[in-house]
Amino acid sequence: MESLQNLNRRRKAVRSIGAITKAMEVVAAIKMRKGEETTLNSRPYAFKVLDLLEKLGRVSGVENVFTKVSPSAKTLVILITSDRGLIGAFNTQVLRAFENFIARDRGDYIFAAVGKKAESHLLKKGFDVLKKFYGFGDFIKVEEIAPLADFVTGGFISEKWGRVVVTSMHFRSALKQETIIREILPLDFRNIRKTILEIIPEHGRWAEFREKNGVSASDREIDYIFEPSSEKLMENLMPHLLRMKIYHLVLEANASEHAARYVAMKSASDNAEDLSGKLLIQFNNARQAAITGEMVEMSATQSALK
Amino acid sequence: MKLTIYSLRGVEFEGNAMSFNVKTKSGEITLLDHHRPLITLLEEGAAKIGLLDQSVRNFEIKSGFLEMDDHDNLSILAD
């Protein structure tokens, strides 16, 4: 049996690890709640943005640079992960989805990393990382996403790449997140409807949006008046809508990250608690065995002296 | 008409309105029921929502977009 001191030391170590994971669990829970709130609140806006993009796509004669398809061009792959670890299988899942995509798609790629884990993974695999973005982790504002959005749209306009694909995590609920691979550029207006239906949850608070804005919408072309002019409007509207789309993707990834961390930390502190309980029992057993041993010795000595 | 104002903080206003007055890039406009479908850019200023009971509600807008569709739905994307 292990010595008492050893057992005690181990139990203390497990307990202090438990205290740390407990603290991280609480922090993650708060961040998760806040992140979830931001994400859910911004959803109606995001739906409307996609809806508007789709309607504009049906308007004939509205051409813009973002719909241009160039098959030979390179593909920019944006990999969105977390900055920090201790998050369970979150990053692994995203990275696996990314690997699968690369293996299946076989294109000519340029990579951009959002989050430190994404960057280190890309470097480990020997890919060049054209640009990296850190610190999108917690509560991000639209302005903070601007460098990423400008980088994506700028490169597309100057024809550095002809396609942009994002791999990230989509927040379905606190317990369920799933990886998504979404092509955000070139804009394919027919795919937007699919995206909307993907984002809108099937049940719960936002489900009504499905009927209101989803399937029932007609495919007719609406005869819009554009003010000041359709070109001018597109110039303003398109980058903005794209930025919102990217912002929303990052928000979803953040909410998922915190939810995943919360779950990971919760099971870590539960395990620590279990283990510390077991160690305490072992410790008590060992102590009791020592006491019994001493008692036996004492009574043996006493009877020997008689 | 049915007016919905979306922002990143959520849906700011949803309901029926008589009129909607707002500053756009090409001047101040007021939209009434069954306006022709329109998409335009909004400028900074106060938007006035004329409600059904004749009262007026103000709404601060920094920038954004306005869309009127062909089913009398007016949507504002406000930043």
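A residue is called buried if 20 or more other C-beta atoms lie within 10 Å of its own, exposed if 12 or fewer do, and partly exposed in between, with the C-beta atoms placed from the backbone. This is a predicted model, in which local features need pLDDT of at least 70 and side-chain atom pairs count only at pLDDT 80 or more, while totals for chains, interfaces and linings use all residues. Residues are numbered from 1 along each chain as its sequence is written, and chains are lettered from A and ligands numbered from 1 in the order in which they are written.

With that in mind, look at strand β7 of chain B, residues 64-68, where five of the five residues are buried, so the strand is largely enclosed by the rest of the structure. Strands (E, at least two residues) and helices (H or I, at least four) are DSSP runs, numbered from the N terminus. In a regular strand the side chains alternate between the two faces of the sheet. In β7(B), B:G64, B:L66 and B:M68 point one way, whereas B:F65 and B:E67 point the other way.

What lies beside this strand? Two strands pair if DSSP finds at least two bridges between them. Strand β4 of chain B, residues 38-42, runs antiparallel to β7(B) and is joined to it by five bridges, with B:L42 having B:G64 as its bridge partner. Five bridges also join β7(B) to strand β8 of chain B, residues 73-78, again in the antiparallel sense, and here B:L66 stands opposite B:I76. The hairpin of β7(B) and β8(B) has four residues between the strands, and in it B:D72 takes a positive phi near 65°.

Counting residues as in contact if their C-beta atoms, placed from the backbone, lie within 7 Å, the contact takes 21 residues from chain B and 18 residues from chain A. On the side of chain B that touches chain A, the largest share, four residues, comes from β4(B).

Finally, turn to chain A, where the axes of helix α1 (residues 4-58) and helix α7 (residues 230-305) come within 5 Å and cross at roughly 160°. Axes are lines fitted to C-alpha atoms, for helices over the stretch in contact, and angles run from 0 to 180 degrees between N-to-C directions. Angles under 35 degrees count as roughly parallel, over 145 as roughly antiparallel, 65 to 115 as roughly perpendicular and the rest as oblique. The helices α1(A) and α7(A) are therefore roughly antiparallel to each other.

How values were computed: Contact = placed C-beta atoms within 7 Å.
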